[in-house]
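Please read the points below alongside the sequence and the coordinates.

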Amino acid sequence: MLEPLGLDSAAEQLYKSMLAYPQEDLATLSARLGVDERDAHRSLDALSTLALVRPALQEGGGYRAVSPEIAMDLILSRQQADLAAQQLRIETSRAAAAQLIAECSALTSTAAASGEDAERLIGVDVIRERLAALAAQAEQEITTFAPGGAHPAADLEASRRPNGALLDRGIRMRTIYLDSVRNHAPTLEHVNWLSSRGGQVRTAATLPVRMVIIDRRQVVLPLDTSDARTGAVLLKGEGIVTALSALFESTWAAATPLGNPPVVGRHDLSNQEVEILRLLDTGLTDEVIARRLGVSPRTARRLSALLMERLGARSRFEAGANAVRLGWLPLTR
């Protein structure tokens, strides 16, 4: 009966006997069951591993059986925790693999450009025209990573008509911007407009790449992640699209809905501050950090300096070490 828990029949019989005869020691129980005492000890070890028995508190020591109700609750809770941990590892691995694909999009496009699963788009006008055509063909959903922080007012204004048309057609639109757009009035106004029309908007401290996914069938990525206007690649391969869709979903789940204030977690650190610490710890310059956060280099330097002051650090390396020591960052070195 208890084989699914990892117990053989001998361990199950010992457990039931311990419940029925709680005053008997292991030797007596072994004799009652007609088994060798060494085999009974092995069964006892198996029961102890599953927390079905515990050391007895009375004089003489030994073990006592835990009631089935409590034992099963403990076992199922542990199995659920193990399952959740395994699921988290799977999702983390999927997201990491997808992020690698996104960040290496230029290499991917070069390798696949001659096939049917990739199409190179060179120049801003070509990219815009292809995106407009893809949007017009969309049937269900368009999901977007929109990094870069503040967006030019002209670009925002130009996007309203096509975005409004998509929403009017019932196309589901989900977009993740950077947290920094909350501090840029024109972009925030546009994001609020998009939300008011039925678009779903969230923000994150950083985003891995600019990306548009159409109906989970096609993905548009930049050829150069540092300058998305120079060129893009349209990918249609099922494996790549599935992985990048998983990346979007994991990022969406962790992002902050537009109507909510940015999350402040442990140690009174916002997601943006945690991300700055992580980027500092990897040795990135203020200019690179600024691009990742969608802020000016001056703002990035100011935020970095404030965090280093809070950490009592005189260098980036010391800031990273102090952040790990204080539990502000996980120990990954």
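In this predicted model, Ala10, Ala11, Leu14, Tyr15 and Met18 of helix α1 make contact with Ala40, Ser43, Leu44 and Leu47 of helix α3. By class, the residues of this contact comprise eight nonpolar and one polar, with no charged residue. The points that follow begin with this helix pair and then turn to the whole chain, the sheet and selected sites.

**Helices α1 and α3**

- Helix α1 spans residues 9–20 and helix α3 spans residues 37–49; the two pack at an angle of about 80°, and their axes lie 9 Å apart.
- Because angles of 65 to 115 degrees count as roughly perpendicular, α1 is roughly perpendicular to α3.
- Serine 17 also belongs to helix α1.
- Serine 17 is classed as buried because its relative accessibility is 9%, and the cut-off for buried is under 20%.
- Beyond its neighbours within four places in sequence, serine 17 contacts Leu29 and Leu33.

**The chain as a whole**

- The chain contains 13 helices and ten strands.
- Buried residues account for 40% of the 333 residues in the chain.
- Of the contacts between residues at least 6 apart in sequence, 67% link residues at least 24 apart.
- The average pLDDT of the chain is 78, and 80% of the residues score at least 70.
- Residues 109–114 have pLDDT under 50 throughout, and the model gives this segment seven contacts beyond four places in sequence.

- Eight strands make up an open sheet of mixed pairing, ordered β3-β9-β8-β7-β4-β5-β6-β10.
- At the edges are β3 (118–122) and β10 (256–257), each of which pairs on one side only.
- Helix α6, formed by residues 124–137, packs on the sheet and touches β3, β4 (141–146), β7 (211–214), β8 (218–222) and β9 (231–235).
- The direction of α6 makes about 135° with that of β3.
- Strand β6 (residues 200–204) runs antiparallel to β10, and two bridges join them.
- Arginine 202 has proline 257, in β10, as its bridge partner.
- In general, strands of a sheet pair through backbone hydrogen bonds, in either a parallel or an antiparallel manner.

**Glutamate 249**

- Glutamate 249 lies in helix α9, which covers residues 238–254.
- Glutamate 249 counts as partly exposed because its relative accessible area is 25%, which falls between the cut-offs of 20% for buried and 50% for exposed.
- With residues up to four places away in sequence set aside, glutamate 249 touches Arg174 and Arg216.
- The C-alpha atoms of glutamate 249 and threonine 143 are 9.4 Å apart in space, although the two residues are 106 residues apart in sequence.

- Helix α10 consists of residues 271–281, and its buried residues are Gln272, Glu275, Ile276, Leu277, Leu279 and Leu280.
- Among the elements that cover these buried residues are α11 (286–293), α12 (297–311) and α13 (316–325).

Conventions:
Residues numbered from 1 in each chain as written. Predicted model: local features only at pLDDT ≥ 70, side-chain atom pairs only at ≥ 80, totals over all residues. Heavy atoms only, no water. Pairing = 2+ DSSP bridges. Helix = DSSP H or I, 4+ residues; strand = E, 2+ residues; numbered from the N terminus. Contact = heavy atoms within 4.5 Å. Axes fitted to C-alpha atoms, helices over the stretch in contact; angles between N-to-C directions. pLDDT = per-residue confidence, 0-100. Parallel < 35°, antiparallel > 145°, perpendicular 65-115°, else oblique. Nonpolar A, V, L, I, M, F, W, Y, C, P; charged D, E, K, R; others polar. Buried < 20%, exposed > 50% of the residue type's maximum accessible area, 1.4 Å probe, protein only.
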